[in-house]
Amino acid sequence: MTHEVKEIFAGEAPPAPAALAAKVRTLAPSMTRSMQRVAEAVAADPAGCAALTVTGLAELTGTSEATVVRTARLLGYPGYRDLRLALAGLAAQQQSGRAPAVTADIAVDDPIADVVAKLAYDEQQTLADTAAGLDMAQLSAAVTALATARRIDIYGQGASGLVAQDLAQKLLRIGLIAHAHSDPHLAVTNAVQLRAKDVAISITHSGSTGDVIEPLRVAFEHGATTIAVTGRPDGPVTQYADHILTTSTARESELRPAAMSSRTSQLLVVDCLFVGVAQRTYETAAPALSASYEALAHRHSPRGRTR
C-alpha cells in the first residue's frame, strides 16, 4: 500500500459489514487487478471467504498473502483478521433473514422517521469530517485567488455539476465573472482562453473524472490558478491543481452512492469559498448582492402586486 493511501485511511473506523460491498465498488477502480480479485471475492461470498485463512483466500484468488492484507487495509480494516470478522458478521446477517440494508445503517423496512434521523446524522458527520479535514492555508489561498480573479471557470459532471452551478451563481451575485461548465467540449474551449489572472475549479468526488481533469489541465498549462475540490487528494485531478480542498469520503451504498453522499461535503466547501470571497470583496460584494435581490424582488411579490 502506498504512503498516500495509508494517510487517507489512517484513523478511520473499519466500515460496517453491510458497507463492505459499497466500499469495494468505490475503491475497485483504484486497485491493482490482483487486489480487485480479492475484493470482488469477499464481496461476492462473505461466508465462504470468512472461513478461509489469509493463505486460503490468496490461493482462491490466485494472489499472494501480502495482496490479501493490502486489500483488507485499503478497504478500511487494520488487517485480514478484522476483515474476516466483518465477513463473518455480514454472512450471519444475511443468513438471519434480516431486512436487507438500503444504506450501511438503513434497512428496507425502517420507519420513515428512522430514515430521517439516520440520514440527518450521516449528513452531520459528513459536514464535521469535511470541516475537520480542510486545509486552512489551501482554503485561504483559494479564496484570495477567487477574490482577485478576472474570470472564474468551474467544471463538474453529474451531481458535482450541480455543485459547480451553485458556486457560479453565488459568485455572479456578488459581481464576479463566473461560469459553470458541464459540457466537456465547451469546458476545454473556454479553458484555452484562461490566463494568469483567471481561476479554474474542478469539482470531482473521485478525483479521476476525465471530463473535469482535461479542462483543468488546459487551464493549468495556460497559466490560470487552478483549484481541485475532491474526495481523493491523491487522485489524478490534483496533479493540475495549485490548491487542493479535500471533501469527506462519506459512506456509500447501492441507493446512496457517491453522487449523493459527496454533494453535502462539496456544498460546504463551496459555501466556505463564497463567504470567504464575500468577506474579501465586501465593498463591492454587498452592493452587488443587494442589486441582485432588488432585481428579483418583483418575482417574489404576492399575486396581483406584480408590475
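1. Arginine 217 is partly exposed at a relative accessible area of 21%, whereas glutamate 221 is exposed at 51%. Here buried means under 20% relative accessible area, exposed over 50%, and partly exposed in between (1.4 Å probe, protein chains only). The two side chains form a salt bridge, N to O 2.8 Å, a term for a side-chain nitrogen of Lys or Arg within 4 Å of a carboxyl oxygen of Asp or Glu. Both residues belong to helix 12 (residues 210-221) and lie four residues apart, about one turn of the helix. Helices (H or I, at least four residues) and strands (E, at least two) are DSSP runs, numbered from the N terminus.

2. This is a predicted model, in which local features need pLDDT of at least 70 and side-chain atom pairs count only at pLDDT 80 or more, while totals for chains, interfaces and linings use all residues. Residues are numbered from 1 along each chain as its sequence is written, and side-chain values use heavy atoms, leaving out hydrogens and water.

3. The whole structure contains seven salt bridges. One of them joins arginine 150 to aspartate 198, with the closest N and O atoms 2.8 Å apart. Arginine 150 lies in the loop between helix 9 (136-147) and strand 1 (152-156), and aspartate 198 in the loop between helix 11 (184-191) and strand 3 (199-204), so the pair ties together parts 48 residues apart in sequence. Arginine 150 is partly exposed at 46%; aspartate 198 is buried at 0%.

4. Zero disulfides (pairs of cysteine sulfur atoms within 2.5 Å) are found in the whole structure. Cysteine 49 is buried at 1%, and cysteine 272 is partly exposed at 28%.
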